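Subject: Structure handover

Hello,

Here is the structure I said I would pass on. Please look it over before reading my notes below.

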Amino acid sequence: MKIETIAIHAGNKTDDATKAVIQPIVMSTTFEREVDGSYAKGYIYSRAANPNRHLLENVLAQLEGGVEAAAFSSGNAAGMAVFQSLKPGTHIIGPDDMYHGLRNQIKSLFAGILEFDFIDVNDEAVLKAHIKSNTGLIWVETPSNPLLKVTDIKNVIAIARQHDIKVVCDNTFATPIFQQPLSLGADLVMHSSTKYFGGHSDLMGGALITPENNEWWQRIRQVQEMGGAIPSPMDCYYLVRSLKTLPYRMKGHEHNANLLTRFLEKHPNVESVMYPGLASHPQHEVAKSQMLGFGAMFSFCVKGGADEAKKVLSKLKLFTIATSLGGVESLIEHRASVEGPDTKTPHNLLRVSIGLEHIDDLIEDMEQALAF
């Protein structure tokens, strides 16, 4: 099946009892046993498995070309499951502009348990120099948040394979519509389902997808079940519903991003635009080689400093100043303010999650906001 068909059918099952075309929401926390203690339908307790979560995990696995998926209550919970699955003392290499929520999680919760270095994983010499005998995981995030750096996934994996190191790819910005890291050799894909999977800024979730059901995956499954950071049946239902439109939503998002970034690149009050779809992007050729599209996230630097950037924010009418991304409405934020005092993000940078409004309206709004 093509990905549009997978999105619609892989998360749905006609209900046997009622023949309802759309899977009902099963809210029960527990399921009836047989007299001999067995479970005829395979469900024991909702923390372990639930019909709605089963269908969500099925469609997520198929969208990414994996064999199994594990759904979590948030993207951070999904990331934490990876870190919890590692043996104490394991060394992790992550990108220097890794999503600050997961970066802070590693530094705050796993200090003294795991070792970690945050480096420019795009620099092959630097990456090789940081590999140790206990390095067990390289984390890549491509495109990255908020600098939209693109990592050559195949190159990182080739280096990792020489040392028997696992590679996890945060594919949240690209989604499986525009990038499929498992097909490039990644050992695991991570998503914040809160973003494009949900697509309407009204639910939270996270996901991990594996290309094989191996020992590491079983440890992750154990963390999921025993830790219990799972999405509710209602959240699973709404995620499955939203995923049905993901391929077409992403095409609309990308269309708007392509046109708005080209407008901004020519604007006299814009210093630079960070979007993989632009020929001016440093890793544009890498993006072309491994992505099926360039996504809908971009950042741009206003000429001047933080004051000028915030002035633009104050004048925008259609772009909502808010954290998060992936909804149908356009969002924008001064990223350095969100990340705090240790941020490496330029203070004149604004991160944009382009929505599905008409592009002419978005360009007009941005044009008046940049007139200073």
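Predicted model: local features only at pLDDT ≥ 70, side-chain atom pairs only at ≥ 80, totals over all residues.

Overall form

The protein has 14 helices and 12 strands. Its C-alpha trace spans about 75 × 50 × 35 Å along the principal axes. For 372 residues, a compact globule would have a radius of gyration near 21 Å, and the protein agrees with that at 21 Å. Of the 372 residues, 54% are buried. Arginine 47 sits in the loop between helix 1 (3–9) and helix 2 (51–64), and it is partly exposed, with a relative accessible area of 35%.

Backbone

Most peptide bonds are trans, and most residues other than glycine have a negative phi. Some positions here depart from that. The bond from threonine 142 to proline 143 is cis, with omega near -10°. The bond from asparagine 145 to proline 146 is also cis, with omega near 10°. Proline 143 is in the loop between strand 4 (135–141) and helix 6 (153–161), and proline 146 is placed in the loop between strand 4 and helix 6 as well.

Two residues other than glycine have a positive phi. Aspartate 164, with phi of about 55°, lies in the loop between helix 6 and strand 5 (166–170). Aspartate 164 counts as exposed because its relative accessibility, 71%, is over 50%. Serine 324, with phi near 90°, is in the loop between strand 10 (320–321) and strand 11 (331–334). At 23% relative accessibility, serine 324 is partly exposed.

Salt bridges

Side chains of opposite charge can pair when their charged atoms come close. The count of salt bridges is 14. One of them joins glutamate 4 and lysine 251, whose closest N and O atoms are 3.0 Å apart. This pair links distant parts of the chain, since glutamate 4 is in helix 1 and lysine 251 is in helix 10 (residues 246–265), 247 residues apart. Both partners are partly exposed, glutamate 4 at 22% and lysine 251 at 39%.

Glutamate 115 also forms a salt bridge, with lysine 132, at 3.5 Å between the closest N and O atoms. Glutamate 115 is in strand 3 (residues 115–119) and lysine 132 in the loop between helix 5 (124–129) and strand 4, so the bridge ties together parts 17 residues apart in sequence.

Within helix 8 (residues 215–227), glutamate 215 and arginine 219 are 4 residues apart, which means a separation of about one helical turn. Their side chains meet in a salt bridge of 3.7 Å, N to O. Glutamate 215 is exposed at 63%, while arginine 219 is partly exposed at 28%.

There is also a network of salt bridges linking Arg53, Glu57, Glu68 and Arg221.

Surface patches

Which residues make the nonpolar surface patch of about 330 Å²? They are Ile25, Met27, Met234 and Tyr238. Tyrosine 238 is in helix 9 (residues 233–243) and is partly exposed at 33% relative accessibility.

A patch of negative charge on the surface gathers Asp360, Asp361, Glu364 and Glu367. Aspartate 360 belongs to helix 14 (residues 359–369) and is partly exposed, with a relative accessible area of 48%.

Regards

Key. Residues numbered from 1 in each chain as written. Heavy atoms only, no water. Patch = residues over 30% accessible without salt bridge, like charges linked within 9 Å, V, L, I, M, F, W, Y side chains within 5 Å. Areas by Shrake-Rupley, 256 points an atom, 1.4 Å probe, with all protein chains shown as cover. Salt bridge = Lys/Arg side-chain N within 4 Å of Asp/Glu carboxyl O. Lys, Arg positive; Asp, Glu negative; His and termini not counted. Charge placed at Lys NZ, Arg CZ, Asp CG, Glu CD. Helix = DSSP H or I, 4+ residues; strand = E, 2+ residues; numbered from the N terminus. Buried < 20%, exposed > 50% of the residue type's maximum accessible area, 1.4 Å probe, protein only. Rg over C-alpha atoms; globule rule 2.2 N^0.38 Å.
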